[in-house]
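Please look at the sequence and the 3D structure below before reading on. The briefing then goes through confidence, contact, domains and core.

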Amino acid sequence: MGGYIVKRLVSAVPVLLGITIIVFLIMSLIPGDPATAILGSYATPENVEKLNRDLGLDKPMVQRYFIWLGNMLTGDFGRSFSLNRPVLDEVSERFNATLVLAGTAFVLCSLLGILAGVISAARQYGLADKAITFVVLIGISVPSFFLGMMMILLFAVNLRWLPVSGMYAIYGGGDLPDLINHLIMPALALAAVATGVIARLSRSAMLEVLRQDFIRTARAKGVPERRVIMGHALRAAMVSIIPILGIQAGFVLSGAVYIEIVFQWPGVGRMLVDAILKRDLLLVQGGVVFVAACYVLFNISVDVAQSLLDPRIKT
Amino acid sequence: MSTFFKLLFRNRLAAMGAVVLSVILILVLITPLLPLQNPDITATADRFQKPFADGHLLGTDHLGRDLLSRLLHGTRLSLAVGISAALIAATIGSAIGIIAGYFGGRTDNIIMRGVDMLMAFPYILLALAIVAALGPGLMNALIAVAAVNVPFFARNIRGITVGLAGREFIDAARLAGMGHTRIILTELLPNVLPVIIIAMSTTIGWMILETAGLSFLGLGSQPPQADLGSMLGEARSAMISHPHTSVVPGIMIFLIVMSINLLGDGIRDALDPRLRSGALSRPRATTLVERTGDVPEATDDLLAIQDLETQFHVNKRIYRAVGGVSLSVKPGECLGVIGESGSGKSVTALSVMGLVASPPGVITAGAVRFRGEDLIDAPYESLRQKRGDRVAYIFQDPLSTLHPLYRVGQQLAEAIQSHHKISKAEARERAIQLLEDVRIPNAESRVDNFPHEMSGGMRQRVGIAMALANEPNVIIADEPTTALDVTVQAQILSLLDDLRRDRGLAIVFITHDFGVVAQLCDRVAVVYAGRVVEEGPTGAVLDAPAHPYTKRLIACVPELGGGRRMLSAIPGLPPVVDDLPPGCAFAPRCDKAQEKCRHIDISLAGTGDRSVRCLYPEELV
């Protein structure tokens, strides 16, 4: 097992390098002079030249890449000019808030999605199945940002059950209940689409498994039906559900960008959008590399979970 | 093609999606012709008019612009951008995929590595990075969304191309001296195109949503030009005071995405042949029973199958898999049920404990009695308590019949714990004991194996151990030795024979192998097209088969050391059971058949323990 984890971690190194190369190449798409892009068109030529020198932009591209990579490996992601603080500090602080939001949403969509899928499959063509299929259809068709706005309108403005936005109350907040109170709506809005997708695919994974011979064996042994569904069938279906969870985690992380904007959540997605609008490119670059790297590591843990579940995978 | 559309429109939801989408598309196409106000003319005095206000059907926005006009123009823009992005992504992605798949080797390797790297990003990070580099704007958002979706097409199309590139027609084109470009364009592309179109139809809604999303973030279309996303983005600041400005574009995005989703699902279902036959249905916990006619009286047999009829209802067709079978066993007795594949012998066996998959299986008549109690209409819980406890099954091919993710010890323990309250440790002890009973060496360590870690013979023994777990009265063995080689088969048969003698077990042994029947069974029943055609003591039936079918079947068995005897295969195939002739089902293949055989219903008749269903039997019984 330990060996397998190490092996997967080692195999992640080229992927991580690839990510830095891709981000580097995209950033070199910037039309014209990057220093001008960073400083704005009113910058004096002296400042542009100084920044070019400071950023090493006068050097050849390959050399620039390795300097940038070396800096990142020592924890130096550069400095955000719009916030005037190190990129890494800002990104890691913001990423925490995103993790709380996206993590909650991910747990919600996994649990609700699988549960809905299992019920739907076990009661195929029944009332529960039809109801779930209908809700899922709506769930996967509503843009999450629109759903978030409508939830604010209903639950915060009209019913006044939940706070409109933010992560903590400005006055007197800051504890866990306050956080949960602020988290409910954005987490649900963020989880909606992924829940629908997971429910759908879990349903078909369950239907596929329920037709297998080993389910008939379990029934022939007299295993109670509840256990046949929740034990034998679900366990086998998880083999195809877990990779879906891994993919959906990426979509949840992506959707967080919209939800953070709608709910004024102080996460990394909102930071990236602000940074793009302010042309703070070092912050964008650092944020993208950091989040992408975390996502790669997350996917390794998905693979490890898969190997724990399925003994047929060679570890 | 017409069946495709028929299937598509039988799906009401898909048809609804198609209608909604067509209405939107038509509205959008004729937008410039409609008498609408200019979407960009501001009139601050008229700002935030409610829907149905004078001259503004959907009201006005924060600058007093007509919302209906803005909505239609915005939809036009959103659809145009989304569709363009899909076309660009499909073109570039498919080109990359075809090149990688066609050339293979190193080219393929390098390209697919790059694609994998791109797919390692959560898609929006890539899109944001591209927009960050190029600057906000609708064109750049379009480029970003298209770029993010290129890897998806590249990977899908490469997979298809790799399969096609190895086919003969490509080799033939190459040998004919065609250049690479020509082969790709004239031979490969036409074959890949349908897949590209399907992939596009599933992603286009997604790309419309994504471009709208980027515009919503303020990174796409810039004022005064507005697509649906930026309309929603601009309306957000006034959402609380004037919700209609948000609701209008939001619902339009929802309608577009939902109708595309519905239509896409419909297309996929119509193209997927498995869904047509209803095969993706989940089997219920017990076989469906729709019994008509009288229930036969109880007998004193241990297990009695009485006039059982089991059918498969697939769409409008009815397959009579079991057409009135009666069989019975007494304690310690072994009954062989023999027949070709598709004769209904397995369905008969599975019907006993309600294990025929349903849908499509339905038990329509007869009874199955265990110690006189009818199992067919027994409530689920009473049936479950007997399954594996009183009547146990051994199935063919234990690699698929054992659960791949549970250790064999767990599977054995579960068989016991489903019927008896015993501790985990006790159950494990018992599992080891059972493995020893079926002569598995090193039972202590084998108990923790997964099925895939065992050999075929060993897995089959596990299957038998599982059937023995609760010391049942009856074991129904459905071709348990078919997949095994002869030496293992012999061991397993002698094991079953011992158990029968030691424990007084009754065995129903289903097989197509006369050798096995001769070795193990006291009596044998021959099944053809869902009915018993001959029954009797094994020796008597084998020595002097009365039904022509039995005789021909035995003649098919090669005899060891028998020299050059003619092996006479039976001409023709067993009948399909959805349209059985009224008379003898074997008549079309029988060389003794007379006109009468084809018309009257022949009953199973005989004296004592032998009976035959034939008007002109080979032997008198």
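The points below are grouped by topic. This is a predicted model, and its scores are ipTM 0.88 and pTM 0.87.

**Confidence**
- The average pLDDT of chain B is 86, and 95% of the residues of chain B score at least 70.
- Where pLDDT is low, predicted coordinates should not be read in detail.

**Contact between the chains**
- Chain A brings 61 residues to the contact and chain B brings 62 residues.
- On the side of chain A that touches chain B, the elements giving two or more residues include α1 (2-27), α8 (176-210), α10 (225-262) and α12 (281-309) of chain A.
- The element that gives the most to this side of chain A is α10(A), with 10 residues.
- By residue class, the side of chain A that touches chain B has 43 nonpolar, 9 polar and 9 charged residues.

**Domains of chain B**
- Chain B is assigned domain 1 (2-30 + 67-276) and domain 2 (396-471).
- Taken over C-alpha atoms, the centres of domain 1 and domain 2 of chain B are 50 Å apart.

**Nonpolar core**
- The largest nonpolar core contains 260 residues, and the residues with the most contacts inside it are B:Ala127, B:Leu128 and B:Ala129.
- With 19 residues, α10(A) gives the most to this core.
- The core lies between domain 1 and domain 2 of chain B, because both domains give residues to it.
- Leaving out residues up to four places away in sequence, B:Ala129 touches A:Val23, A:Ile26, A:Val284 and A:Val288.

Definitions and conventions:
Residues are numbered from 1 along each chain as its sequence is written. Chains are lettered from A and ligands numbered from 1 in the order in which they are written. This is a predicted model: local features need pLDDT of at least 70, side-chain atom pairs count only at pLDDT 80 or more; totals for chains, interfaces and linings use all residues. Two residues are in contact if their C-beta atoms, placed from the backbone, lie within 7 Å. Helices (H or I, at least four residues) and strands (E, at least two) are DSSP runs, numbered from the N terminus. Ala, Val, Leu, Ile, Met, Phe, Trp, Tyr, Cys and Pro count as nonpolar, Asp, Glu, Lys and Arg as charged, and the others, Gly among them, as polar. Domain bounds come from an automatic or database domain assignment. pLDDT is the predictor's confidence in each residue, from 0 to 100. A nonpolar core is a set of buried Ala, Val, Leu, Ile, Met, Phe, Trp, Tyr and Cys residues joined through C-beta atoms within 7 Å. A residue is buried if 20 or more other C-beta atoms lie within 10 Å of its own, exposed if 12 or fewer, and partly exposed in between; C-beta atoms are placed from the backbone.
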